Amino acid sequence: MASVKNIVKVMNFHSLIRVDKARKVAEEYFDVEQELTKMMYKVIYNKNLVLDKKILVSNNKGNVIDIYLGNDLGFCGNFNHQLLQAIEEDNDNEKIIVGKKIFPKNDKNVLLKITKEDFFQNYQKIENIIYEYVMEHKLKEINVIYNHYYNVNDIRFERKTLFPVELEKDIVKDINLDVDYVIEADIKEVITSILALYLCYQIKILESNSWASENVMREKVTRDSIDKIEELENETHQKEVKEKKYKEFKSQISNYKNYMKE
């Protein structure tokens, strides 16, 4: 029990160190994420570009890519459970898996499996896939499946569509799509490059959000686990004390009986 408690304490300590920073980063990106999407929406759905047939539309016969953001470490409750279930259920879509805890054993549709550590050190692997599918117009849809952090008491399992670029109706009504751009380059090439960059950046933003969810959940799980371990230790200690007192009492009775016989 003591060794388990020490391991849980170490994990709790690490999550405490990370959780505040992870939360702050995620919260800083709340507005950035929406503003970035609004900017991309303005460009892609600009009325003049639509009339000129210069927009980048979804390829209805293209591929759907689902990106799953898991983790490499344990002690975080059901963080990975729904992700693993979604991976098993999404049989037809191509997949990018982030986090060795959710690596599927056999899945022919997996384009890339990458650990959380490699996500930070070799993000180029994901970028190469995104750029290839966007540039070659092979993309029908791209989704990110992850645990979304809203606050410490509100973490939700979500599926967010990054492409086609979508906005809520109440936000779209305030966006001006009549802007007339002065363009000297190949607009399709420009928009395609911007879209690929936007998608790669959004994936990083959502990973930061997922990282906050992971650490908040791990801190809570390890804290609760420590409390339960200490509760069990206390119960065991009380039981041992009772047993000791019972043995002492039994010994006293035995001594008393021996004394009376004398």
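**View 1. Ile130 and the residues around it.** In this predicted model, Ile130 touches Ile67, Ile142, Ala196, Leu199, Cys200 and Ile203, leaving aside residues up to four places away in sequence.

**View 2. The largest nonpolar core.** Here we zoom in on a set of 41 residues, the largest nonpolar core. Which residues have the most contacts inside it? They are Ile67, Ile126, Ile130, Ile142, Leu195, Leu199 and Ile203. Two or more residues each come from α1 (2-44), β1 (63-69), β2 (94-98), β3 (110-114), α5 (124-135), β4 (139-151), β5 (154-163) and α7 (187-261). Helix α7 gives the largest share, 10 residues. As a bit of background, nonpolar side chains tend to be buried together in soluble globular proteins.

**View 3. The sheet, strand by strand.** Five strands line up as β3-β2-β1-β4-β5 in an open sheet with mixed pairing. Strands β3 and β5 sit at the edges with a single partner strand each, so one side of each has no neighbour in the sheet. Going from one strand to the next, the twist averages 15°. Helix α5 lies across β1, β2, β3 and β4, and runs at about 160° to β3.

View 4. Why is β2 largely enclosed by the rest of the structure? Five of its five residues are buried, so the strand ends up largely enclosed. Take a look at the side chains: Glu94, Ile96 and Val98 point one way from β2, while Lys95 and Ile97 point the other way. In a regular strand, side chains alternate between the two faces of the sheet. Notice that Glu94 and Lys95 are buried along with Ile96, Ile97 and Val98.

**View 5. The partners of β2.** On one side, β2 runs parallel to β1, and five bridges join the two. Ile65 is the residue that stands opposite Glu94 of β2. Strand β2 also pairs with β3, again in the parallel sense, over four bridges. Within that pairing, Val98 has Ile114 of β3 as its bridge partner, and Ile97 stands opposite Lys113 of β3.

View 6. How many bridges join β1 to β4? There are six, and these two strands run parallel. One of the pairs to look for is Ile67 with its bridge partner in β4, Val144. With β5 the sense is antiparallel, and nine bridges link that strand to β4. Ile142 has Phe163 of β5 as its bridge partner. Strands β4 and β5 form a hairpin, with two residues between them.

**View 7. Stepping back to the whole protein.** Seven helices and five strands make up the secondary structure. Starting at the N terminus, the elements follow the order α-α-β-α-β-β-α-α-β-β-α-α. Of the 262 residues, 37% are buried. Among contacts with a separation of 6 or more, 74% are between residues 24 or more positions apart. The protein exposes about 16200 Å², and 50% of that is supplied by carbon and sulfur atoms.

Notes: Residues are numbered from 1 along each chain as its sequence is written. This is a predicted model: local features need pLDDT of at least 70, side-chain atom pairs count only at pLDDT 80 or more; totals for chains, interfaces and linings use all residues. Side-chain values use heavy atoms; hydrogens and water are left out. A nonpolar core is a set of buried Ala, Val, Leu, Ile, Met, Phe, Trp, Tyr and Cys residues joined through side-chain atoms within 4.5 Å. Buried means under 20% relative accessible area, exposed over 50%, partly exposed in between (1.4 Å probe, protein chains only). Contact means heavy atoms within 4.5 Å. Accessible areas come from the Shrake-Rupley method with a 1.4 Å probe; for residues, only the protein chains shown count as cover. Two strands pair if DSSP finds at least two bridges between them. Axes are lines fitted to C-alpha atoms, for helices over the stretch in contact, and angles run from 0 to 180 degrees between N-to-C directions.
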